[in-house]
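Me: I have this model open beside its sequence, and I'd like to understand the labels attached to it. Please set each value against its cut-off as we go.

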Amino acid sequence: MPEALRGTPGRFQIGIYCNIGRSMDASAFGMEVWCHQLSRFLGKKVVCSSHNSPRYLLYDVNPPEGFNLRRDVYMRVAQLVKKLRKDDPGHNWTLVLPPWGPLYHWGPEASDQLPWSHFFHLDSLRRYVPLLELDDFLNEHGPHLDGIYYLQYPSDMADNMLDTFHPDNCTQHMPYFELADRRFYGHFWGYTDMSASSLTCLSVLGSSTSMASFLQTLPEQVTLLDRAETLLHPSYGDAEFWAVRRSMRLSPAIVAVGDDFRREHLNSTDVGDETLMEDDWVTARSFHPALGGPYLAVHLRRQDFVSSRAAQVPSLAAAATQIDALLSKLGLNLVFIATDAPEEVFYPHCVELIHIFVVTTFCQCIGVLTTEFQELQSLVREGTVLRFEPRVGDDWLGPGGVAAVDQWICAHGRYFLGTYESTFSFRIMEEREILGFPADSTFNRLCGDLESCEQPTRWRIQYPS
């Protein structure tokens, strides 16, 4: 019997480590199968470590965070996995993607457990790091994780240096609970059979790649980093940042829907707009200026931004005035609007009246019931205002897919006007940089009604030297 299996008669330790090396001439996959068979025989989990043995990194994000912040967190974690594969060649690290939805901005009708392939081109993502959808991982490896590391900021950040991390007392309510089997359960994206052997709170202050030295020393084969948005970008805006961002191409199905709308309603095609892209982002370069379709693209964020950023988000009338001025300046007569404006109807014009005989003030609303988008259409005088609406048969898109189509169409306009501090707008600006648009036509935003308007920082694309 191997030394690792000796001990108390009739009992085996959970998590036996079998050093099966090159002497057995076994591939990582072969060892995984061998370990699986041994686990079934023992009735206990056996983890094999060897040269190039597989390890898996899962991650999750604070539930209220939206789609476009989550896209940004993916970039940070992907760079971490790439560093692990470089610095820890003894283990074959793979990134496991958390499913999408339901998200706050998608509304209650949104689906959950949506795969990344619904939104992104997986083969393109895999050109940066190896990855698996969660469903594929569960089908191959089962629902049991080895360790959860719940990331949190240090309680006293002034006493902590950048790029430091250490186990700590949990400072927040944990979304996990321990049952009698001494395993930890939680939401896990709605997969009720998932659990983990351990839960550790980890105080972190620093970049995602600074976690590599910690992770590669762990015995766990399957690790989950929760609250991964706590980690910072290793170097925002450098060539590595842009490499992982360029790999995040939208799915062919979403691109096709967006291209159909551009062609049918905006007289826009990649040939005419000079926005043709190479199939492989690794070798693609955009040194020529893209022209863009003959339309002004606008992202007008409403809903919570109307109150949370009241000074920077314009009223509908002020937005229309800025749009009219740009249409005249650019010589365009088409406007494409991406907006989360509510669909509830309202009276656009209300006046305050005072009753003559009784001292009573009341409001009288006149006009026709309308939506915010319809009101904006009526306020813009210099052009036709359009937005994307799914066709019959496009129900599969869902709210998240519609938003992705909106971004794709905005990325191809002659000129783009975004919303202050909106990650939705930031992702459009990045896409336009990848396509090769001039900075002057990309890094622009709508101004608040009374604001002295500062335009967005210009994060220009970088390529490996």
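Me: Where is the place of serine 203?

Reply: Serine 203 belongs to strand β10; strands are DSSP runs of E with at least two residues, helices are runs of H or I with at least four, and both are numbered from the N terminus. This is a predicted model, in which local features need pLDDT of at least 70, side-chain atom pairs count only at pLDDT 80 or more, and totals for chains, interfaces and linings use all residues. Residues are numbered from 1 along each chain as its sequence is written, and side-chain values use heavy atoms, leaving out hydrogens and water.

Me: Why does serine 203 count as buried?

Reply: Its relative accessibility is 1%. Buried means under 20% relative accessible area, exposed over 50%, and partly exposed in between, with a 1.4 Å probe and protein chains only. Serine 203 is therefore buried.

Me: What does serine 203 touch, not counting residues up to four places away in sequence?

Reply: With contact meaning heavy atoms within 4.5 Å, serine 203 touches Gln152, Tyr153, Pro154, Thr164, Phe165, His166 and Asp168, once residues up to four places away in sequence are set aside.

Me: What makes the pair of serine 203 and aspartate 168 a polar contact?

Reply: Their side chains are joined at 2.8 Å. A polar contact is a pair of N or O atoms within 3.5 Å; within protein, one must be able to donate a hydrogen and the other to accept it, and residues adjacent in sequence count only if both atoms are side-chain atoms.

Me: Why is α6 called largely enclosed by the rest of the structure?

Reply: Seven of the nine residues of α6 are buried, so the helix is largely enclosed. Those residues are Phe241, Trp242, Ala243, Val244, Arg245, Arg246 and Ser247. Their cover includes α2, α3 (122-126) and α13 (423-435). At the start of α6, a side-chain oxygen of aspartate 238 comes within 3.2 Å of the backbone nitrogen of glutamate 240.

Me: How do you know whether serine 251 is buried or exposed?

Reply: Serine 251 has a relative accessible area of 3%, so it is buried. This serine lies in the loop between α6 (239-247) and α7 (252-265). Apart from residues up to four places away in sequence, serine 251 touches Ser117, His118, Phe119, Phe120 and His121.

Me: Which residues touch the most other members of the largest nonpolar core?

Reply: They are Tyr59, Tyr74, Leu95, Trp116, Met211, Leu215 and Leu225, in a core of 75 residues. Helix α2 (residues 67-87) gives the most to this core, with 10 residues. A second, separate core has 20 residues, including Leu134, Leu145, Tyr150 and Phe188. The name applies to a set of buried Ala, Val, Leu, Ile, Met, Phe, Trp, Tyr and Cys residues joined through side-chain atoms within 4.5 Å. As background, nonpolar side chains tend to be buried together in soluble globular proteins.

Me: Where does leucine 84 lie, and why does it count as buried?

Reply: Leucine 84 is in helix α2, and its relative accessibility is 0%, so it counts as buried. Leaving aside neighbours within four places in sequence, leucine 84 is in contact with Trp93, Ala212, Leu215 and Gln216. Serine 213 is 129 residues from leucine 84 in sequence, yet 8.1 Å away in space, C-alpha to C-alpha.

Me: Why does asparagine 267 count as exposed?

Reply: Asparagine 267 has 64% relative accessibility, so it counts as exposed. This asparagine lies in the loop between α7 and α8 (270-273), and its phi is near 50°, a positive value in a residue other than glycine.

Me: What is the phi of tryptophan 189, and is the residue buried or exposed?

Reply: Phi is positive, about 60°, although tryptophan 189 is not a glycine. Its relative accessibility is 9%, so tryptophan 189 counts as buried. The residue is found in the loop between β9 (184-186) and β10 (195-205).

Me: Which peptide bond is cis?

Reply: The bond from glycine 101 to proline 102 is cis, with omega near -10°. Proline 102 is in the loop between β4 (91-97) and α3.
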